[in-house]
Amino acid sequence: MLLRARALAGATALLTLVTTAATAQTSVAPSESGQTRDPATPTVTSYPAAAAGDGATTNGFNLSRWAEDWRSYRDPAKRDDFLDRLKFLPLDGDGDVYLTLSGEVRLRVNHTTNPNLRDSRAQRQDINRIVGGADLHVGPHFRAFAEIAHGGISGVELGAPAATLRNDLVLQQAFVEGNAEVDGIAIGARYGRQEFTDGPNLLTSQRDNNTIRYTLNGIRAWARGSRVRADLFDFKPTQYGDLGTDDDISDPARRFSGVTLGYAVPNGWFGGSKIFVDPFFWRRRNTVGAWGGRIGPATRYYVGTHIYGDAGPVTVDWTINHQYGHYINQDIDAWQLFFAQTYRLGRSKTAPRVGIHMDYASGGGGYGDGKLRDAYAPFGNNIYYSYGLFLTPSNLIAVAPNFTFSPVKTVRVTAEYQLAWRDSVTDAVYRANGQPFAGTQRVGDAKIGDVMRLQAVWSISPRLSFTGRYEHLAAGPSLSKAGFKSSDFMAGWLSFRF
């Protein structure tokens, strides 16, 4: 309650300041035609920005909008239009105190046949997202960020939409941050409601596929040198209501804390590379954990390492983690191994890529009295195995070759064929939300099915993009013998950001 009150007070004050500052600004100075946009980088000092745990920045934009740095727009010659002016609004004569405004409008349609893999009428979701944010910088060592969001949905066969799809108004993020430099080490801390992605994408993600993003409440602190870093955190997830900001609270039942370390491998290794090694040790506590129809307390520890980056034409993203702890009266003993790699067929960054990901998430014990071997991802990228949200890295073995190419300069297409099995045939097939497909634990076949996927992203402009997706899940015997059907999923959305 105290955190929510402070966050709301901070957001109100910041949005009031936004209105005052925006009204006080004069017209935008014109820039030369053809001026290219300076790419932004996350706001860190010496450690490589791409591996600081704040997500990737492309063409100036980051999924976490606070990770963008628009200080170059202090120079009017760097601005292309009036929206560029909103990225740097000085509030004092020297520009040491300035405001950055951000926003997004996303219009999306989802179409799913056999929703929930049951023989039933197709579902259509017409979804909209509206987000607005303000980032206040006071000198080089202090900032405050607030972001509000709205999610709307209509359509056919909607059921009861989750609060991450339908929400009148959400205080999506609100935090304060301080940083300093001590003997060449950048130190800092961020307190409040925030997105957290400092880990493998399959374990920690903002879940941009949702209309309302996944956020947590608490503190994150860091120390970063030129080659090594350490990040510590202690969070409670946001439990969203579906009305306004008053019903969005810190979840009292769950807590996520730990430390992530980082090492930037020297660039001269492997003939020239940008490779990062991130060991991590995390703990997730949940007083209402659920497996096999039982609900009870669970404490799960994660010990692992994430290795990722580029070495010439090869891109790798590898993760190994062991999970242990206890759930009610069961000991936890689970593993996840994720190995994704691609090879670029040419020197250009847009050259075609061939790749494959091979993943193992242990299973077993969800419906038994022995050890619980079902692996669990805290809040990972929930569309990685299925756009329709039908699979997750619990009791799963997946092999997926893929191919990415650009038919024209501004369009990127990825095609993938994924084969999926269960690790344990006495345990269920699990959905992206962690719930089992009922009855699959009583089917003796390992094969879950095949998933054919296609995605195309058209970058119409730096701010405007269109994404289209298609997926066909061909149900294998693990699903079909329990009464579940195959499904087609189609989605398309237009996103405008500033």
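Predicted model: local features only at pLDDT ≥ 70, side-chain atom pairs only at ≥ 80, totals over all residues.

**A surface patch, ring pairs and salt bridges**

Val138, Phe142, Val176, Tyr191 and Ile219 together make a nonpolar surface patch of about 390 Å².

Phe196 is found in the loop between β8 (185-194) and β9 (216-224), and, once residues up to four places away in sequence are set aside, it touches Thr204, Ser205, Leu216, Arg220, Phe233, Phe235, Phe256 and Phe379. Several of these names return in a cluster that ring pairs build from Phe196, Tyr214, Phe233, Phe235, Phe256, Phe280, Trp282, Tyr302 and Phe379.

Across the whole structure a search finds 26 aromatic pairs. One of them joins Phe256 and Trp282 in an edge-to-face arrangement, with 5.5 Å from centre to centre and 80° between the planes. This pair links distant parts of the chain, because Phe256 sits in strand β12 (residues 254-264) and Trp282 in strand β13 (residues 273-291), 26 residues apart. Phe256 has a relative accessibility of 3% and therefore counts as buried, while Trp282, at 0%, is buried as well. Trp282 also pairs with Tyr302: the ring centres are 6.2 Å apart and the planes stand at 50°, so the pair is tilted. Since Trp282 lies in strand β13 and Tyr302 in strand β14 (residues 294-311), this pair ties together parts that are 20 residues apart in sequence. Tyr302 has a relative accessible area of 0% and is buried.

Rings also meet charges elsewhere in the model. The charged end of Arg118 sits over the ring of Phe484 at 3.9 Å from its centre, and that of Arg453 sits over the ring of Tyr387 at 4.1 Å.

Turning to charged pairs, the structure holds 29 salt bridges, and three of them can be set side by side with the exposure of their partners. Asp231 and Arg224 meet through their side chains in a salt bridge with an N to O distance of 3.3 Å; Asp231, with a relative accessible area of 0%, is buried, and Arg224 is buried at 3%. Arg71 and Asp69 form a salt bridge whose closest N and O atoms are 2.5 Å apart, where Arg71 is partly exposed at 45% relative accessibility and Asp69 is buried at 14%. Asp445 and Lys481 form another, with 2.9 Å between the closest N and O atoms. Because Asp445 lies in the loop between β19 (411-421) and β20 (447-459) and Lys481 in the loop between α3 (477-480) and β22 (487-497), the pair ties together parts that are 36 residues apart in sequence. Asp445 is partly exposed, with a relative accessible area of 24%, and Lys481 counts as exposed at 57% relative accessibility.

Salt bridges that share partners also join Asp54, Asp198, Arg220, Arg224, Arg229, Asp231 and Asp278 into one network. Arg220, a member of that network, is also one of the residues touched by Phe196, which in turn belongs to the ring cluster.

Note on methods. Residues numbered from 1 in each chain as written. Heavy atoms only, no water. Phe/Tyr/Trp six-rings, centres within 6.5 Å; stacked < 30°, edge-to-face > 60°. Helix = DSSP H or I, 4+ residues; strand = E, 2+ residues; numbered from the N terminus. Buried < 20%, exposed > 50% of the residue type's maximum accessible area, 1.4 Å probe, protein only. Lys NZ or Arg CZ within 6 Å of the ring centre and 35° of its normal. Patch = residues over 30% accessible without salt bridge, like charges linked within 9 Å, V, L, I, M, F, W, Y side chains within 5 Å. Areas by Shrake-Rupley, 256 points an atom, 1.4 Å probe, with all protein chains shown as cover. Salt bridge = Lys/Arg side-chain N within 4 Å of Asp/Glu carboxyl O. Contact = heavy atoms within 4.5 Å.
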